[in-house]
Amino acid sequence: MSTYISGIGCISPQKTIDNSVFPAEAVNQNALFLQCIQPESYRDYINPILSRRLSKIIKMGITSALISIKDAGISNPGAIITGTGLGCVEDTEKFLMTMLDNNETLMNPTNFMQSTYNTISSQIAIILKCFNYNSTYVHRGFSFESALTDAIDLMQSTVAESALVGGIDEITENHFNVTSLLGHWRTKPQNNLELFEHKQKGTLPGEGSVFFTLTRNKQASTYCELKGIKTVYKPATMDVVAGSICALLAENKLTAHNIDLIITGMNGDQQGDAVYDEICQTMFDTKAVAGFKNLCGEYHTASAFGLWLAANILKWQEVPKISIYKGFRPNTIQNILLHNHVEGKQHSIMLLSKV
Amino acid sequence: MEENELIDKLRKEIIQQLNLEDVKPEDIDPDSALFGEGLGLDSIDALEIIVLLEKNYGIKIEDPKQGKTIFASIRILAKYILANQKAQ
């Protein structure tokens with residue numbers, strides 16, 4: 001049974017909110033971490049009485065979800081499934097700081113209630129008055145992949161005709177400062193558009209909210225077909241990842257030869273990018289390779305932004321110049337393989353085809 | 001602190017605590033209802049005001065049902081704060 005991406009809503013560090021423009025002019029933030037470009041006004045999407053209480057990530061989630069279902073012409077999705085690595089960080093920080101400042105005696109109820117991971121999925125359901133299946137996955141680098149897999153399973157088992165699936169994470173200054181201690185990030189502001197040109201230790205963190213409306217049937221708004229997804233956890237060698245790619249291709253009666261473009265989650269980190277280079281050299285040596293984290297930065301659900309890029313490339317048959325890492329843009333793009341990994345532990349592979 | 005001075009202070013604190021982006025202090029009639037028809041606040045806002053009272057004025061509302069009377073308007077809230085601070 002087929003699964004189609006028929007609607008998208010994307011709020012990212014790029015000008016992605018308008019689905020009628022692709023590719024938009026790439027934005028260089030020249031910063032230590034990439035932050036999303038916010039809509040001019042959330043009032044166009046969310047009732048101001050409700051939105052006054054909502055933090056940035058919740059507004060981004062609701063808005064991108066509403067844009068996605070509108071894009072697909074659907075008002076009541078069969079399921080709402082969200083993936084998030086860290087959930088509502090800003091709200092969590094606020095209520096923890098208030099507790100600390102007040103010797104653990106006072107707690108702001110709004111920040112406390114909204115700090116939970118499933119706030120976004122539930123707020124979307126409340127706004128849409130959607131009483132269908134609602135779930136949130138929090139599995140670090142597999143959060144979005146888990147949400148997507150669940151949605152595909154629901155639709156293939158005919159439980160749902162459509163599903164709204166999102167990947168969403170936010171970055172705050174405090175979160176950046178804490179995670180900097182792990183040594184994953186660059187220590188000086190970086191031109192994100194040049195991320196692939198200066199490979200070194202560390203990368204740029206980012207954030208984003210991308211929602212997809214999946215449908216069982218192809219329709220006028222359909223971007224592409226999502227043929228399949230596989231995940232590999234902590235592979236002993238890259239042969240294990242290569243084996244999963246071969247299996248995914250074989251399940252869809254394709255070979256490496258049929259792939260027109262590889263989109264990787266390369267992020268400028270020397271060690272992490274070597275993984276993609278190894279896979280591309282051994283399996284797709286003559287193929288064009290693209291990246292997406294120079295546009296969105298690194299975060300647990302960045303693969304959702306990668307999927308946004310892949311779906312748009314297939315729909316518009318246009319590869320943004322800034323995304324091409326190696327090779328030349330193929331004349332026709334029929335099949336795209338998306339490979340992402342987070343810290344070398346969580347690998348995901350998605351296969352998409354033009355409709 | 002005089003009652004009117006406290007009313008002005010409360011107006012600003014409530015706007016900030018409840019993130020009432022479009023409301024100016026002078027828009028809040030001290031005698032209008034805070035909940036329901038007036039400012040249109042709800043039960044979560046009531047919890048936020050309970051936290052505000054404890055944090056800024058050291059007044060602890062043990063029984064949330066009291067809130068219905070105390071939070072009827074800004075003026076009644078100001079009177080309650082003045083009476084209870086004096087009592088302490």
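What follows is a walk through a few local features.

Mentor: This is a predicted model, where local features need pLDDT of at least 70, side-chain atom pairs count only at pLDDT 80 or more, and totals for chains, interfaces and linings use all residues. Residues are numbered from 1 along each chain as its sequence is written, chains are lettered from A and ligands numbered from 1 in the order in which they are written, and side-chain values use heavy atoms, with hydrogens and water left out.

Start with the peptide bond between A:Phe22 and A:Pro23. That bond is cis, with omega about -5 degrees. A:Pro23 lies in the loop between strand E1 (4–11) and helix H1 (48–51) of chain A. Helices (H or I, at least four residues) and strands (E, at least two) are DSSP runs, numbered from the N terminus.

Now look at phi. A:Lys234 is not a glycine, yet its phi is positive, about 45 degrees. Find A:Lys234 in the loop between strand E6 (224–233) and helix H8 (238–251) of chain A.

Chain B has a case too. B:Asn19 is not a glycine either, and its phi is positive at about 55 degrees. Its loop runs between helix H1 (3–17) and helix H2 (43–57) of chain B. B:Asn19 is partly exposed, at 32% relative accessible area. Buried means under 20%, exposed over 50%, and partly exposed in between (1.4 Å probe, protein chains only).

Last, turn to A:Met113. This residue sits in helix H4 (residues 109–114) of chain A. A:Met113 is partly exposed, with a relative accessible area of 38%.
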